[in-house]
Amino acid sequence: FPLKDSAGRTEAVVLMTEDVTKQKEAEENLEHLRAYTDHLIETANVMIVSLDTQGRVTHFNPAAETITGYTFAEVEGKDWFELLVPRDRYPEVHEEFERLTQGELPEVYENPIVTKAGGERYISWRNSEVTRSGTIVGVTSFGIDITERKKAEGALRESEGKFREL
């Protein structure tokens, strides 16, 4: 800022500086951390799906695309439950989501989903609420496809039943 004398001539200049090194380092570290977590999400071998409190898809990673047959562009903003877990087929899943959005998170929850091709896959979910300023604004779920395990369990039960009959 120039300091002027009574004639309006600049006789001095006031210069203020601020060291922003720590702020820049923090921003860089945050950017590196974000790139790292984005990479983990995109390359994870599990479904990662985020929903808002109305059940609309806000994130859908490549593993979710592979398992469901849908692309993120096809599901973004759409109601996850109406698309992949129709209420008429799986009403208990809708009830569970209501509990999730109220902060009642089960450790693990398993349920079937309907793929784009119409097939059914069983998914084991771990859920985490997403909060902002102490308010739940959504849920992020990590899902593992357990369809083959479910089929093997069913075959084992059937085999045990036949064994008991003998």
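K24 counts as partly exposed, as its relative accessibility is 48%; the class lies between buried, under 20% relative accessible area, and exposed, over 50% (1.4 Å probe, protein chains only). The model is predicted, so local features need pLDDT of at least 70 and side-chain atom pairs count only at pLDDT 80 or more, while totals for chains, interfaces and linings use all residues. Residues are numbered from 1 along each chain as its sequence is written, and side-chain values use heavy atoms, with hydrogens and water left out.

The side chain of K24 meets that of E27 in a salt bridge, at 3.7 Å from N to O; the term needs a side-chain nitrogen of Lys or Arg within 4 Å of a carboxyl oxygen of Asp or Glu. Both residues lie in helix α1 (residues 21-43), and because they are three residues apart there, about one helical turn separates them. Helices (H or I, at least four residues) and strands (E, at least two) are DSSP runs, numbered from the N terminus. E27 is partly exposed as well, with 41% relative accessible area.

Side chains of opposite charge can pair when their charged atoms come close. Across the whole structure, a search finds eleven salt bridges.

One of these joins R89 to E120, with 3.2 Å between the closest N and O atoms.

K150 and E110 form a salt bridge through their side chains, at 3.2 Å from N to O. K150 belongs to helix α6 (residues 147-165) and E110 to strand β5 (residues 109-114), so this bridge ties together parts of the chain that are 40 residues apart in sequence. K150 is partly exposed, with a relative accessible area of 26%. E110 is also partly exposed, with a value of 32%.

This bridge belongs to a network: salt bridges link E110, R149, K150 and E153.

# Aromatic pairs

The count of aromatic pairs comes to three. W80 and W125 make one that is edge-to-face, with 6.0 Å from centre to centre and 80° between the planes. Rings of Phe, Tyr and Trp (its six-membered ring) pair if their centres lie within 6.5 Å; planes under 30 degrees apart count as stacked, over 60 as edge-to-face and the rest as tilted. The two tryptophans connect distant parts of the chain, since W80 is in helix α4 (residues 80-84) and W125 is in strand β6 (residues 120-132), 45 residues apart. W80 counts as buried, at 4% relative accessibility. W125 is buried too, with a relative accessible area of 7%.

F81 and F97 form a tilted pair, with 4.7 Å between ring centres and 50° between the planes. Here F81 in helix α4 is linked with F97 in helix α5 (residues 91-101), 16 residues apart and in distant parts of the chain. Both phenylalanines, F81 and F97, are buried.

# The ring cluster

W80 and W125 also belong to a cluster, in which ring pairs link them with F60.
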